[in-house]
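This report describes one protein chain in plain terms. Please look over the sequence and the model before reading on.

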Amino acid sequence: MTKKSTSIPGLSFSWKRALGITQAKQKIARETGIPTSKAGLERKIGNVILKALLGKK
């Protein structure tokens with residue numbers, strides 16, 4: 001017997017969003033130009049290293 005999900009599709013709750021943490025992180029990222037996500041930070045660091053090694057395009 002499988003358990004059915006009773007949640008409503010597309011409806012979710014985020015405590016970080018409710019407290020304003022998400023908005024604060026976005027504001028900091030926009031002002032400093034440094035992304036707060038892991039993937040964004042890795043992408044930015046990779047671009048900086050490539051530009052340093054290969055020079056400007």
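## Terms and basis

Helices (H or I, at least four residues) and strands (E, at least two) are DSSP runs, numbered from the N terminus. The expected span of a helix is 1.5 Å times one less than its number of residues.

The model is predicted: local features need pLDDT of at least 70, side-chain atom pairs count only at pLDDT 80 or more, and totals for chains, interfaces and linings use all residues. Residues are numbered from 1 along each chain as its sequence is written, and side-chain values use heavy atoms, with hydrogens and water left out.

## Overall fold

The protein chain contains three helices and zero strands. Along the sequence, the pattern reads α-α-α.

Of the 57 residues in the protein chain, 4% are buried; here buried means under 20% relative accessible area, exposed over 50%, and partly exposed in between (1.4 Å probe, protein chains only). The chain exposes about 5,900 Å², of which carbon and sulfur atoms supply 61%. Accessible areas come from the Shrake-Rupley method with a 1.4 Å probe, and for residues only the protein chains shown count as cover.

Helix H3 covers residues 38-54, which is 17 residues. Its span from first to last C-alpha is 24 Å, close to the expected 24 Å. H3 is hardly covered, since the count of buried residues among its 17 residues is one. Just after H3, Gly55 has a positive phi of about 80°.

Helix H2 is formed by residues 21-32, 12 residues in total. From first to last C-alpha, H2 reaches 17 Å, close to the 16 Å expected.

## A nonpolar surface patch

Which residues make the nonpolar surface patch of about 710 Å²? They are Ile34, Leu41, Ile45, Ile49, Leu50, Leu53 and Leu54. Like charges are joined within 9 Å, and nonpolar side chains (Val, Leu, Ile, Met, Phe, Trp, Tyr) within 5 Å.

Leu50 lies in helix H3 and is partly exposed, at 48% relative accessible area. Ile34 lies in the loop between H2 and H3; its relative accessibility is 46%, so Ile34 counts as partly exposed. Leaving aside neighbours within four places in sequence, Ile34 is in contact (heavy atoms within 4.5 Å) with Ala29, Leu41 and Lys44. Ile34 and Lys44 are 10 residues apart in sequence, and their C-alpha atoms are 7.9 Å apart in space.

Conventions: Patches are made of residues with over 30% relative accessible area and no salt bridge: like charges are joined within 9 Å, nonpolar side chains (Val, Leu, Ile, Met, Phe, Trp, Tyr) within 5 Å. A salt bridge is a side-chain nitrogen of Lys or Arg within 4 Å of a carboxyl oxygen of Asp or Glu.
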